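Please examine the structure below together with its sequence.

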Amino acid sequence: MNPRRKKRLGLILALFFGVSATVGLMIYALNQNMDLFYTPTELVNGKPDGTKPEVGQRLRIGGMVVAGSVKRDSDSLEVSFKVADIGPEVTVTYNGILPDLFREGQGIVAQGVLVDATTIKAHEVLAKHDEEYMPPEVAEAMKKTHEPLQYTEQQKQGTGQ
């Protein structure tokens, strides 16, 4: 191989490894900033594929605020409340001003860090803006968990039980 071809090959290989390293670092950085969405049931029992979040993991959780569960600290902006779908309840703690539309029985999405198996320290709480809107992740998760229940109720009505 002549020196000119060796130089071109070296340049192409250096460019290839440089682009590969850049793409690898970008994927690594984006992976660290990714927040996975969970429902309260998935957080406690795990997703259908068996994955459960680890303590300290950043995540988003969506569900309905449980009636009578909102507790406010009188000396600070610390608020704690429970979120549920159709299964277990998860406690969310938040230090800040809640959205104006936040109330018990309302659908919310909280972003934060998992403190223990059933507690999340949120850094952001979002409330749905009217009774028709539900975040797409919450709507899909609720649809998946409610369909089997509706089907069994229809079966009971169809069989006369």
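The side chain of Asp-85 makes a polar contact with the side chain of Thr-39 at 3.4 Å. A polar contact is a pair of N or O atoms within 3.5 Å, where within protein one must be able to donate a hydrogen and the other to accept it, and residues adjacent in sequence count only if both atoms are side-chain atoms. The model is predicted, so that local features need pLDDT of at least 70 and side-chain atom pairs count only at pLDDT 80 or more, while totals for chains, interfaces and linings use all residues. Residues are numbered from 1 along each chain as its sequence is written, and side-chain values use heavy atoms, with hydrogens and water left out.

**Asp-85**
- Asp-85 is found in the loop between strand 4 (78–84) and strand 5 (89–95).
- A polar contact also joins the side chains of Asp-85 and Thr-41, at 2.7 Å.
- Asp-85 is buried yet has no salt bridge (buried: under 20% relative accessible area, 1.4 Å probe, protein chains only; salt bridge: a side-chain nitrogen of Lys or Arg within 4 Å of a carboxyl oxygen of Asp or Glu).

**The chain**
- The protein chain has three helices and seven strands (DSSP runs: helices H or I, at least four residues; strands E, at least two).
- Of its 161 residues, 29% count as buried.

**The largest pocket**
- Among the 13 residues that line the largest pocket, Thr-39, Glu-42, Pro-48, Ala-141 and Lys-144 lie nearest its centre (on a 1 Å grid over the protein atoms alone, a pocket is an open set of points where a 1.4 Å probe fits, with protein on both sides within 12 Å along at least five of seven lines; lining residues have an atom within 4 Å of a point).
- Helix 3 gives the most to this lining, with five residues.

How values were computed:
Buried < 20%, exposed > 50% of the residue type's maximum accessible area, 1.4 Å probe, protein only. Lys, Arg positive; Asp, Glu negative; His and termini not counted.
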